[in-house]
Amino acid sequence: MNTLPPLQFAPIFQSYPWGGRQLADWYPSAPASGPVAEAWLVSDEEKHPSRVAGGPLDGITLAELIQRFGPRLLGRARRPGGRFPLLLKFLDAREVLSVQVHPNDEQAARLRPGTLGKTEAWVILHAEPASILYVGLKPGSDRSALEQALAAGRVPDLLHTFEPNAGDGVFVPAGTVHAIGAGLMLFEIQQTSDNTFRLHDCGRGRPVHISESLECTDFTRGPVKAVTPIADAELPGRELLFECPYFRLWRIRSDRPFRVGANGECRVIVVIEGHGELIGDTHMCALQPGAAWLLPAELGMAECRPNGNLIVLECGLPS
């Protein structure tokens, strides 16, 4: 095979009861009825592996891609646990989600050997009036206060809340107690990990993980607010939202052609608004809301050609 082309994966839908129907408007392949809570765009999670949609590699999993092409696909990106390091998804929360906390890598290795921690970040796509995010503990909240709130069934009362706006970015490191409120649709970038410990399930009756949650909670993480994007002085319309040891994420807004990707690096481009075309080497790919294209490292840079206003997220892997 010549240079690897941009790759798209079939969305993996999760139909949890708390989900809405907004994602079905983006994806004709979504279930015809019932809640569509999540659409996983790129996943190397063992139980829900992404598969290539279309082209000569149609149907093979992301893990098989990595095995077959290795550095041609990933460049020098780190692969903790031997897997693609990021899980990318959309969430549509019609109801409030459970209050939960994720372990860091060291805690995950101890509590669930063979797994990784889960640092994540969100980009808010849509927020109904008065929708709320619960992120971080209120000032002065310690382990004793959290234990008392658990005993009284009032854990949400201990969390910092704010009303997000569409476009807000929120960084949620491992150890941050959090919950996504009702009426929010968002994009999530996270480590490839399914490690979630529930503190409070909002009456749904699922198991909770009190001892693990208390062990993993970072009581120094106070109130969390939306991040302040860092504008790129050389590339108008491009801004850095998140940069941490696990991922980087930029947002680009433009109605003129612009470059994405980087030489020797694997990147993923996710469209959140508008239409256009992605030109990589000799390949032309459609850009539309919900589309996600993986740019292999050997492909390097590509060009987005908007048809009107276009907003994309560019996801970078850990190096």
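Predicted model: local features only at pLDDT ≥ 70, side-chain atom pairs only at ≥ 80, totals over all residues.

Which side chain does the side chain of arginine 248 join through a polar contact of 3.2 Å? The partner is glutamate 265.

Arginine 248 belongs to strand β16, which covers residues 248–254. There is a second contact to look for: the arginine 248 side chain also reaches a backbone oxygen, that of leucine 317, at 3.2 Å. Is arginine 248 buried or exposed? Its relative accessible area is 16%, and the cut-off for buried is under 20%, so arginine 248 counts as buried.

Now please move to strand β18, residues 267–273. Of its seven residues, six are buried, so the strand is mostly covered. Which strands does β18 pair with? One is β21, residues 292–295, joined to β18 by four bridges.

In β21 it stands opposite tryptophan 293, and in β23 isoleucine 269 stands opposite glutamate 314.

That brings us to glutamate 314 itself, which lies in strand β23. Its relative accessible area is 0%, under the 20% cut-off, so glutamate 314 is buried as well. How many residues along the chain lie between the positions of glutamate 314 and valine 260, and what separates their C-alpha atoms? They are 54 residues apart along the chain, and the C-alpha atoms are separated by 7.3 Å.

Next, a sheet in another part of the sequence. Six strands form an open sheet, and their order is β1-β2-β5-β12-β7-β10. The pairing in this sheet is antiparallel. Which strands sit at the edges? They are β1, residues 12–14, and β10, residues 169–172, and each of them pairs on one side only. From one strand to the next, the twist averages 20°.

To see one of these pairings up close, take β1 and β2. Three bridges join them, and they run antiparallel. Isoleucine 12 has tryptophan 40 in β2 as its bridge partner.

The largest pocket has a volume of about 540 Å³. It is lined by 28 residues, and the closest to its centre are Tyr16, Glu38, Gln100, Asp194 and Thr196. Several strands give two or more residues to this lining, namely β2, β5, β7, β11 and β12. Which of the elements gives the largest share? That is β11, with three residues. By residue type, the lining divides into eight nonpolar, nine polar and 11 charged.

The second largest pocket holds about 310 Å³ of space. Here 14 residues form the lining, and Glu45, Arg83, Gly114, Thr115 and Asp194 are the closest to the centre. This lining divides into two nonpolar, six polar and six charged residues.

Notes:
Residues numbered from 1 in each chain as written. Heavy atoms only, no water. 1 Å grid on protein atoms, 1.4 Å probe; cavity = no way out; pocket = protein on both sides within 12 Å on 5 of 7 lines; lining within 4 Å. Points joined across faces, edges and corners; volume = space filled by probe spheres on them. Nonpolar A, V, L, I, M, F, W, Y, C, P; charged D, E, K, R; others polar. Buried < 20%, exposed > 50% of the residue type's maximum accessible area, 1.4 Å probe, protein only. Pairing = 2+ DSSP bridges. Axes fitted to C-alpha atoms, helices over the stretch in contact; angles between N-to-C directions. Polar contact = N/O pair within 3.5 Å; in protein donor to acceptor, adjacent residues only side chain to side chain.
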